[in-house]
Amino acid sequence: METKLLDPALDPTALAQAAALLRAGEVVGIPTETVYGLGANALDEDAVGKIFAAKGRPQDNPLIVHIADFDAIYALSPAVPDAARALAERFWPGPLTIIVPKSDRVPAATSGGLDTVGVRLPAHPIARELIRLAGVPIAAPSANTSGRPSTTTAQHVLRDLTGKIPAVVEGGACTVGVESTVVSLAGDTPRLLRPGGVTLEQLREVLGEVVVDRALREAIDDSEKVSAPGMKYRHYAPKAPVTVVRGAPDATAAYIRAHADAHTGVLCFDEYAEQFHGLTVETFGSACDLAAQAQRVFDRLRAFDDTAVTAILAQCPDDTGLGLAVANRIKKAAGFHIVEV
Ligand code: TXA
Ligand code: MG
C-alpha cells in the first residue's frame, strides 16, 4: 500500500482527502497536540480492526475516542458524571482523556471489551477540523508500531507505518509531546491511570481526591533501590536496552560517566551533555524545563535507533508536575530497570 503524506499547508484538499478516507473506513495518521494518533471511525468495528492490524496492538487494549465538541460525549456515554463536565470545562480542548461508562453504540473492538470508554477532545486545530469533517468520533491510539516510542512528528509515523496505512496528515511537531493524562471516572473515586500533559496536581484542583493507580504507584515507588527489569512492561522502547539512573542530576551524571563504555548511549539533560565526550549523546531539554523534556523525549529515544549503541543510560526528572509523565515514559522505555544513586 502506498502511504501518502497529506499536508494542509501545501494542499487545500488535504483534510478533505483525509476525512474521506476516515468515512470510507480507512485508518489515517493524525496530528494532535500530545502525539500523532492512528485514527479510524470509532463506531465502525472493521475500521477499528485496521488500527490494531497496522500497529500490531493487542486486541484487549482499549482505544481513546476523540471528539470535536463536548456534546459529542453524550452519544458515547449514557451516564456522563458531573466531574467529567468539570474536567472538560478546565482542560478541554487538551491533553486529558476521561474514562466514562460506555454506550452500546461504541463497539467492543473500540473499548477492548470493557464497559467503559476513554474520551478526549484534542486541542490541535487539524485534529478537530478532521473530526468535524469526518462527522464521526475518531478512535486513535498513538501512531507507532506497538511497543515502540510514540510518534511526535509525521516523519516518525512514516518511519513506523509506511506501507501499512493509506495516509498521514502533516501537522508539525507535537507541542505537548507525551500522551494525554488518562483519568477514570467510572469507579467511586477518580483514578489516574496514566500521567500525561495535565498534571496530577491540576486534576486534584478540580476533583479533590484522585487515586493513583497501583501499577503507576509501583512504577514511581522510590523506596526500592533497583526495580526488577520486568520485560513484559517494556514499552516506548528503543532497540537498545535502557537503564534509568534516578537521583540528583550531578550524581546521576557521575554514575553514568563511571558506568558507560564506548558503545553506551546517554540520554541526558542539556546541561550535562559536555560531560559525556566520546559517547553517543541525546539531550532532551534543560533539567529545569519539563515542558521541553516532554516535547523531546520520544524523538530522542527514537534517535538511538539510528546509532550503533548497545545500551542506553538515561537521566530522568523527579515526579513533580509534568515530571511524573516524562519519568513514566522513560521508566517504561527501560522496562522499569531503574538504578537509584
Ligand atoms: O494523547 C493521547 O492520548 C494519544 C493521542 C493520539 O490522543 N493517544 C494515545 O492512545 O496515547 P493509546 O492507545 O496509545 O493509549 C491509550 C491508553 C492505553 O494505556 C489504554 O489502555 C488506556 O488509555 N485506555 C483507553 N481506554 C480505556 C478504558 N476504557 N479503560 C482503561 N484504560 C483505557
Ligand atoms: Mg500508545
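This is a predicted model: local features need pLDDT of at least 70, side-chain atom pairs count only at pLDDT 80 or more; totals for chains, interfaces and linings use all residues.

Colleague: Fine. Start with ligand 1: which residues come nearest?

Modeller: Thr34, Arg57, Asn61, His66 and Ser180 come nearest, out of 23 residues around ligand 1.

Colleague: How far is a polar side-chain atom of His66 from an oxygen atom of ligand 1?

Modeller: That distance is 2.6 Å. For Arg57, a polar side-chain atom lies 2.8 Å from an oxygen atom of the ligand. Arg194 also has a side-chain N or O atom 2.9 Å from a ligand oxygen.

Colleague: And how much of the accessible area of ligand 1 does the protein cover?

Modeller: On its own ligand 1 has 680 Å² of accessible area, and the protein covers 87% of that.

Colleague: Which strands supply at least two residues each to the shell?

Modeller: Strand E4 (64-66), strand E6 (116-120) and strand E10 (191-194) do. E6 gives the most, with 4 residues.

Colleague: What is the shell around ligand 1 by class?

Modeller: There are 11 nonpolar, 8 polar and 4 charged residues in that shell.

Colleague: Changing topic to helices. Which residues of H1 are buried?

Modeller: In helix H1 (residues 14-23), the buried ones are Ala14, Leu15, Ala18, Ala19 and Leu22. Looking down the axis of H1, these residues fall within an arc of 130°, so they line one face of the helix.

Colleague: What covers the buried residues of H1?

Modeller: The cover includes strand E1 (4-6), strand E2 (28-30), strand E3 (37-41), helix H5 (125-134), E7 and strand E8 (167-169). After H1 comes Gly25, which has a positive phi near 85°.

Colleague: Now H9. Which of its residues are buried?

Modeller: Thr252, Ala253 and Ile256 are the buried residues of helix H9 (residues 249-259). Down the axis of H9 they fall within an arc of 100°, so they line one face of the helix. Asp250 and Ala258 are exposed on the other side of H9.

Colleague: What do the buried residues of H9 pack against?

Modeller: Three strands: E12 (242-246), E13 (264-268) and E15 (311-314).

Colleague: Single residues next. Where is Ser150?

Modeller: Ser150 is in the loop between strand E7 (138-139) and helix H6 (154-161). Ser150 counts as buried because its relative accessibility is 1%, and the cut-off for buried is under 20%.

Colleague: Which side chain does the side chain of Ser150 make a polar contact with?

Modeller: That of Glu179, at 2.4 Å. Leaving out residues up to four places away in sequence, Ser150 touches Val35, Ser142, Asn144, Glu179, Tyr236, Phe298 and Arg302.

Colleague: And Cys288, buried or exposed?

Modeller: Cys288 is exposed, with a relative accessible area of 71%. Its place is in the loop between strand E14 (280-283) and helix H10 (290-303). Apart from residues up to four places away in sequence, Cys288 touches Glu271 and Gln293.

Colleague: What does Phe91 touch?

Modeller: Leu96, Val198, Gln202, Leu203 and Val206, not counting residues up to four places away in sequence. Phe91 is found in helix H3 (residues 82-91) and counts as buried at 8% relative accessibility. The C-alpha atoms of Phe91 and Ala123 are separated by 9.6 Å, and the two residues are 32 apart along the chain.

Colleague: Last topic, the backbone. Is the peptide bond from Trp92 to Pro93 cis or trans?

Modeller: The bond is cis, with omega near -5°. Pro93 is in the loop between H3 and strand E5 (96-101).

Colleague: What is the phi of Phe336?

Modeller: The phi of Phe336 is positive, about 60°, although Phe336 is not a glycine. Phe336 lies in the loop between helix H11 (323-333) and strand E16 (338-340). At 13% relative accessibility, Phe336 counts as buried.

Notes: Residues are numbered from 1 along each chain as its sequence is written. Chains are lettered from A and ligands numbered from 1 in the order in which they are written. Side-chain values use heavy atoms; hydrogens and water are left out. Buried means under 20% relative accessible area, exposed over 50%, partly exposed in between (1.4 Å probe, protein chains only). Contact means heavy atoms within 4.5 Å. The arc is that of the directions from the helix axis to the C-beta atoms. A residue is near a molecule or strand if one of its heavy atoms lies within 4 Å of it. A polar contact is a pair of N or O atoms within 3.5 Å; within protein, one must be able to donate a hydrogen and the other to accept it, and residues adjacent in sequence count only if both atoms are side-chain atoms. Accessible areas come from the Shrake-Rupley method with a 1.4 Å probe; for residues, only the protein chains shown count as cover. Ala, Val, Leu, Ile, Met, Phe, Trp, Tyr, Cys and Pro count as nonpolar, Asp, Glu, Lys and Arg as charged, and the others, Gly among them, as polar.
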